[in-house]
Amino acid sequence: MRRISLIALVVVAALAALAACGGSEPGAGGTLGLVAYSTPKAVYEDLIPRFQATPAGQGVELEQSYGSSGEQSRAVEAGLPADVVALALEPDVTRLIESGLVAPDWNAGPTRGMVSTSVVVFAVREGNPKDIETWDDLLRDDVEVVTPNPFTSGGAQWNLLAAYGAQLELGRTEEEAIEFLRRLLANVAVQDKSARESLQTFSGGKGDVLLAYENEAIFAQEKGEELDYVVPDQTILIENPIAVVATSENTAVAQAFVDFALSPAGQRVFGEKGYRPVDATVLAEFDFPQPPGLFGIADLGGWADARERFFDRGDGIVARINEELGVGTSAS
């Protein structure tokens, strides 16, 4: 009898230890840390309660952190607790592989680790009073541009690569495309830290056009902002990654959350908030325009090449242009 009692005590203690870990299996409850870039906050605020209503999410609480993508990635690398990271661009996730925070095969699934897509658009004043329709319009003397700082904001990197790649789509040379970037950045009024801050700056009356994600323009309209947006014929397909943090004590629950975000129910939340779902069937339920000159990061050599060539803080093309303009590699 004494032996049986001891065994029972060991089992109870083991179960208690398991519960103290916050729940290692979907449906066991616990707390997850979601570290994300700034713009999809409204998506996750809607997605989370829907996940919590599922058997896998029952009893799960999510602690959320939002900010500029690069800073969020660096914060996780420096020790910010996280179970799931949802960032603006792939390099902000892959930088966490070397430190063992993200598994090397994080993007091995059918969506290659991406949870949503979008395109770069021109947000303009209501009625488009300056008739801004093309990339060349952004260089006019009477047009003031707003875009975030590319050394703190993933959205800004997408914006500038869209501008550069659009020139190639138009048949211009690489040298002409770089000169376009130089002239475009000279027309930028302010480089805020994040895409959301740039939207706030534009909403406050600064600038004639805001380079933004399509979903940001849709979000602003739904919030009652008096603006319109133009989808240029030549633009880039934005791809936003999501990944489970390998050091999480709740990896199964974290994976369940990611799986829900990628499910048809989760993808519809993204679509409803103006993001283009990565699920093709769900995407077909929405009426997003298809730009004839749509291109992807692979058309520009991939992120490894583009990041080094354009956004290296020491010798990147954009770093050199910003230095010429008196703008640093941090938010101005």
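**Notebook: helices, pockets and loops**

**Entry 1. Helices 12 and 13.** I looked up the axes of helix 12 (residues 303–311) and helix 13 (residues 317–325), which come within 4 Å and cross at roughly 20°. Helix 12 and helix 13 are therefore roughly parallel to each other; angles under 35 degrees count as such. Axes here are lines fitted to C-alpha atoms, for helices over the stretch in contact, and angles run from 0 to 180 degrees between N-to-C directions. Arg 309, Phe 310 and Phe 311 of helix 12 make the contact with Ile 317, Val 318 and Ala 319 of helix 13, contact meaning heavy atoms within 4.5 Å. I noted five nonpolar residues, no polar and one charged in this contact. Ala, Val, Leu, Ile, Met, Phe, Trp, Tyr, Cys and Pro count as nonpolar, Asp, Glu, Lys and Arg as charged, and the others, Gly among them, as polar.

**Entry 2. Basis of the entries.** The model is predicted: local features need pLDDT of at least 70 and side-chain atom pairs count only at pLDDT 80 or more, while totals for chains, interfaces and linings use all residues. Residues are numbered from 1 along each chain as its sequence is written, and side-chain values use heavy atoms, with hydrogens and water left out. Helices (H or I, at least four residues) and strands (E, at least two) are DSSP runs, numbered from the N terminus.

**Entry 3. The largest pocket.** I found about 280 Å³ of space in the largest pocket. A pocket is an open set of points on a 1 Å grid over the protein atoms alone, where a 1.4 Å probe fits, with protein on both sides within 12 Å along at least five of seven lines; lining residues have an atom within 4 Å of a point. A volume is the space filled by probe spheres set on the points, which are joined across faces, edges and corners. Of its 17 lining residues, Trp 106, Ile 242, Gln 255, Val 258 and Leu 262 are the closest to the centre. Helix 9 gives the largest share of the lining, four residues. The lining divides into eleven nonpolar residues, five polar and one charged.

**Entry 4. The second largest pocket.** This pocket holds about 200 Å³ of space. I recorded 15 lining residues, with Thr 117, Leu 237, Pro 277, Val 278 and Leu 283 nearest the centre. Strand 4 (114–125), strand 9, strand 10 (276–277) and helix 11 (280–283) each supply at least two residues of this lining. Eight of the lining residues are nonpolar, three polar and four charged.

**Entry 5. Helix 8.** I asked why helix 8 (residues 214–222) counts as largely enclosed by the rest of the structure. Seven of its nine residues are buried, so the rest of the structure largely encloses helix 8; buried means under 20% relative accessible area, exposed over 50%, partly exposed in between (1.4 Å probe, protein chains only). Among the elements covering the buried residues are helix 2 (41–52), strand 4 and helix 7 (195–203). Gly 224 follows helix 8 and has a positive phi, near 90°.

**Entry 6. Loop residues.** Ala 246 is in the loop between strand 9 and helix 9 and is partly exposed, at 42% relative accessible area. Ala 246 and Gly 100 are 146 residues apart in sequence, yet 7.0 Å apart in space, C-alpha to C-alpha. Most residues other than glycine have a negative phi. Arg 112, not a glycine, has a positive phi of about 55°; its place is in the loop between helix 4 (90–94) and strand 4. Asp 131 also has a positive phi, near 50°, and is in the loop between strand 4 and strand 5 (145–146).

Note on methods. Angles under 35 degrees count as roughly parallel, over 145 as roughly antiparallel, 65 to 115 as roughly perpendicular and the rest as oblique.
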